[in-house]
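Me: I have a structure open and want a quick walk through it. Can you take my questions as they come?

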Amino acid sequence: MDSIRIRGGKPLYGKIEISGAKNAALPLMVASLLTEETVTLHNLPHVADITMLINLLCQHGVKAHLNGEGNGNGNSNGRAVSLTAKEITNTVAPYEIVRKMRAGALVLGPLLAREGKAKVSLPGGCAIGTRPMNLHVDGLEAMGAKIEIEAGYMVAHAPEGLKGAEIRFDTVSVGATEDLLMAAALADGVTVLENAAREPEITDLIHLLQAMGADIKGEGTDRLVITGKEKLHGADYTVMPDRIETGTYAMAVGITGGKVELTNTRADLIEAVIEVMEEAGLTIERTEDGMIVSRDPETPIQGVDVQTQPYPGYPTDMQAQFMALMAASNGASMITETIFENRFMHVPELSRLGANINVHGRSAMVRGTKELAGAPVMATDLRASVSLVLAGLAASGETLINRVYHLDRGYERLEEKLAACGADIQRVQGEA
Ligand code: UD1
């Protein structure tokens, strides 16, 4: 198993190109199940979750064609996939895939809408909480499906097809909003989704579905009105930039000091993150295709309190990274996680690097220290892993991060991007 070795204490200077958003690309790829025609997606990130989802879609009978391609900026990262679901040959999404990647469960709504049946594994427990599927199931049942839970699978039937319905979510859920949007696009009649998630990845999905001929109103709001169509058609679409990768590298500059330009991205996607980074003492200059982030290494980082919220609030996927930044600050910070229970798995690992953090229920009290020091640590989930990378970049001495397959699920060429800006970071093969 690979590890990542970092020798910390080097400020970052240079340019980092941001990849396409994993969390947008996954539902966009699933949307290919809704049509017999080809859906082509550009600016796909090179990360393990994308490959795993392609495998799942191929199992359902989708023909996939993957091409490397330039992104128009003279660089060669980013690739395109063409997905053609001419015939769905299998409506089972197996445990072996869905347990590793929860987004695989998103095939439930589209398969039901197109084929009238689906058997999809429950994702099971996960390092950041229980993550149930009740909102997906209740919503599809309101649209006329019958769903039984049998031996860890959601076994769903809608022999007469799905019908439009009025659905109000009692919790804001990105996945349930995406699943029901896709199902409603092929349902008979009008579906209204109330208290829908407003994350930019939802808007990206709506734009693709519209390009495929879907009738969806209310994008960017929490009330979506979908008038179902009998058929959707193919489309050619470019995946949005990864806002979490953008915020992560911005915080890397925050923790080490230096000046880095982030390109191929959009500042407006991370306004809530920019606000707290500015309060913490980072300087953010917006540019046409991203931003320039800087902090004088001599200027200390200030403590700022943060609470995670659904978009447009501060994202839960940026909570662990901010905790690393606060651990190296000159003050104190209260970080409250409201989206997932048990999303503080990084705390004991950050503590191994010298961080001073006390967890009380859903809040963590972080007292900053300038004394972070390298140590061997273990990655527990995607964002927790990258918080260890950030802390390692600031720590004195050597940090060895084990179980980096978590990082590879969501960050494209992380060590290359950071090394190009002066970080002393390497992948070590075969050590664990
Ligand atoms: C997506 C993102 C993930 C991010 C999360 C919140 C992808 C692939 N993943 O995950 O990176 O951290 O949004 O921004 O895009 N819930 C229920 N019942 C359900 C579904 C969800 O109670 O049926 C709860 C969850 O337990 C959680 C909250 O709703 O407390 C939000 O979860 P959700 O938005 O669904 O997260 P995901 O879509 O899984």
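Reply: What follows is a short chat about this predicted model.

Me: How high is the mean pLDDT of the protein chain?

Reply: The mean pLDDT is 94. Of the residues in the chain, 96% reach 70 or more.

Me: Where does pLDDT stay under 50?

Reply: Over residues 71-76. The model has nine contacts beyond four places in sequence for that stretch.

Me: Now the overall fold. How many helices and strands?

Reply: The protein chain has 14 helices and 24 strands.

Me: What is the radius of gyration, and what would a compact globule have?

Reply: The chain has 21 Å. A compact globule with 432 residues would have a value near 22 Å, so the two agree. The C-alpha atoms fill a box of roughly 65 × 50 × 40 Å along the principal axes.

Me: What share of the residues counts as buried?

Reply: Of the 432 residues, 58% count as buried.

Me: And what share of the contacts comes from residues 24 or more positions apart?

Reply: They account for 74% of the contacts with a separation of 6 or more.

Me: Switching to voids. How many cavities of 30 Å³ or more turn up?

Reply: A search of the whole structure finds two. The largest cavity holds about 40 Å³ of space. About 30 Å³ lies in the second largest cavity.

Me: Which residues line the largest cavity?

Reply: Ala21, Lys22, Asn23, Glu201, Asp242, Ile244 and Arg383. By class, that lining has two nonpolar, one polar and four charged residues.

Me: And the second largest cavity, what lines that?

Reply: Thr316, Gln319, Ala320, Arg343, His346, Asp381, Arg383 and Ala384. By class, there are two nonpolar, three polar and three charged residues.

Me: Which helices each supply at least two residues of that lining?

Reply: Helix H10 (319-327) and helix H12 (382-394).

Me: What about pockets? How much space lies in the second largest pocket?

Reply: About 360 Å³. Its lining has 20 residues. Ile255, Arg295, Pro297, Ala328 and Lys370 lie nearest the centre of this pocket.

Me: Which elements give two or more residues to the lining of that pocket?

Reply: Helix H8 (243-256) and H12 do. The lining of the second largest pocket has ten nonpolar, seven polar and three charged residues.

Me: Next topic, helix H9. Which residues are buried there?

Reply: H9 covers residues 271-279. Ala272, Val273, Ile274, Val276 and Met277 are buried in this helix.

Me: What do the buried residues of H9 pack against?

Reply: They pack against H8 and H10. They also pack against strand S16 (283-287), strand S17 (290-295) and strand S18 (306-307).

Me: What about the phi of Gly281, which follows H9?

Reply: The phi of Gly281 is positive, near 110°.

Me: What is the phi of Asn195?

Reply: Asn195 has a positive phi of about 60°, although this residue is not a glycine. Asn195 is in the loop between strand S11 (190-194) and helix H7 (200-211).

Me: Buried or exposed, that Asn195?

Reply: Asn195 is at 17% relative accessibility, so it counts as buried. The cut-off for buried is under 20%.

Me: And Arg413, what is the phi there?

Reply: Near 50°, a positive value in a residue other than glycine. Arg413 is in the loop between helix H13 (405-410) and helix H14 (414-419).

Me: Why does Arg413 count as partly exposed?

Reply: Because its relative accessible area is 32%. Partly exposed runs between under 20% for buried and over 50% for exposed.

Me: Last one. Where is Ile97?

Reply: Ile97 is in helix H3 (residues 95-98). Ile97 counts as buried, at 14% relative accessibility.

Me: What is Ile97 in contact with, leaving aside neighbours within four places in sequence?

Reply: Met52 and Leu56.

Me: How far is Ile97 from Arg362, C-alpha to C-alpha?

Reply: They are separated by 30 Å. Along the chain, Ile97 and Arg362 are 265 residues apart.

Technical notes
Residues numbered from 1 in each chain as written. Predicted model: local features only at pLDDT ≥ 70, side-chain atom pairs only at ≥ 80, totals over all residues. Heavy atoms only, no water. pLDDT = per-residue confidence, 0-100. Contact = heavy atoms within 4.5 Å. 1 Å grid on protein atoms, 1.4 Å probe; cavity = no way out; pocket = protein on both sides within 12 Å on 5 of 7 lines; lining within 4 Å. Points joined across faces, edges and corners; volume = space filled by probe spheres on them. Nonpolar A, V, L, I, M, F, W, Y, C, P; charged D, E, K, R; others polar. Helix = DSSP H or I, 4+ residues; strand = E, 2+ residues; numbered from the N terminus. Rg over C-alpha atoms; globule rule 2.2 N^0.38 Å. Buried < 20%, exposed > 50% of the residue type's maximum accessible area, 1.4 Å probe, protein only.
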